[in-house]
Amino acid sequence: MFTLLNHATVCLQLTDFEKTHQLLKIIDVAELGQRAYLYYGCYAEYYMKIGEKDLSISFLDKALAETTNSIERDFLMKKRGDITC
């Protein structure tokens, strides 16, 4: 599953939003374990890039709920704050 997430991230960086969404839909987030926050973060970035701020915030909140790493939490909180401003 992590390989699919990496592929989705690359597609997102290449602005291939259709392929990004296709890949994200087939990922079983439960199989990512402690890395689930990366899945939600990728979805948040996807929604931000397609102009869906509310969905982006929702997925950032899910990412925040899935990580206890203080550096990752700070990064996600900053990203969330940038969207809501």
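Is threonine 67 buried or exposed, and what is its relative accessible area? Keep that in mind while you set up the view.

This is a predicted model, so local features need pLDDT of at least 70 and side-chain atom pairs count only at pLDDT 80 or more, while totals for chains, interfaces and linings use all residues. Numbering starts from 1 along each chain as its sequence is written, and side-chain values use heavy atoms, with hydrogens and water left out.

**Whole chain**

Start with everything in cartoon. Helices here are DSSP runs (H or I, at least four residues) and strands are E runs of at least two, numbered from the N terminus. Along the principal axes, the C-alpha atoms fill a box of roughly 30 × 30 × 15 Å. The radius of gyration is 12 Å, which agrees with the value near 12 Å for a compact globule of 85 residues; it is taken over C-alpha atoms, and the globule rule is 2.2 Å times the number of residues to the power 0.38.

**α1 against α2**

Now select residues 2-13 (α1) and 17-26 (α2): their axes come within 8 Å and cross at roughly 160°. That makes α1 roughly antiparallel to α2, a label for angles over 145 degrees. Axes are lines fitted to C-alpha atoms, for helices over the stretch in contact, and angles run from 0 to 180 degrees between N-to-C directions. Show side chains for Leu4, Leu5, His7, Ala8, Cys11 and Leu12 of α1, then Phe17, Lys19, Thr20, Leu23, Leu24 and Ile26 of α2, which make the contact (heavy atoms within 4.5 Å).

**α2 against α3**

On the α2 side, pick Phe17, Thr20, His21, Leu24 and Lys25; on α3, pick Tyr39, Cys42, Tyr43, Tyr46, Tyr47 and Lys49.

**Back to threonine 67**

Finally, go to the loop between α4 (53-66) and α5 (70-84), where threonine 67 lies. Threonine 67 is buried, with a relative accessible area of 6%; buried means under 20%, exposed over 50%, and partly exposed in between, with a 1.4 Å probe and protein chains only. Which residues does threonine 67 contact, leaving aside its neighbours within four places in sequence? Select Tyr37, Glu72, Arg73 and Leu76 to see them. Across the protein, buried residues make up 33% of the 85 residues.

Notes. Angles under 35 degrees count as roughly parallel, over 145 as roughly antiparallel, 65 to 115 as roughly perpendicular and the rest as oblique.
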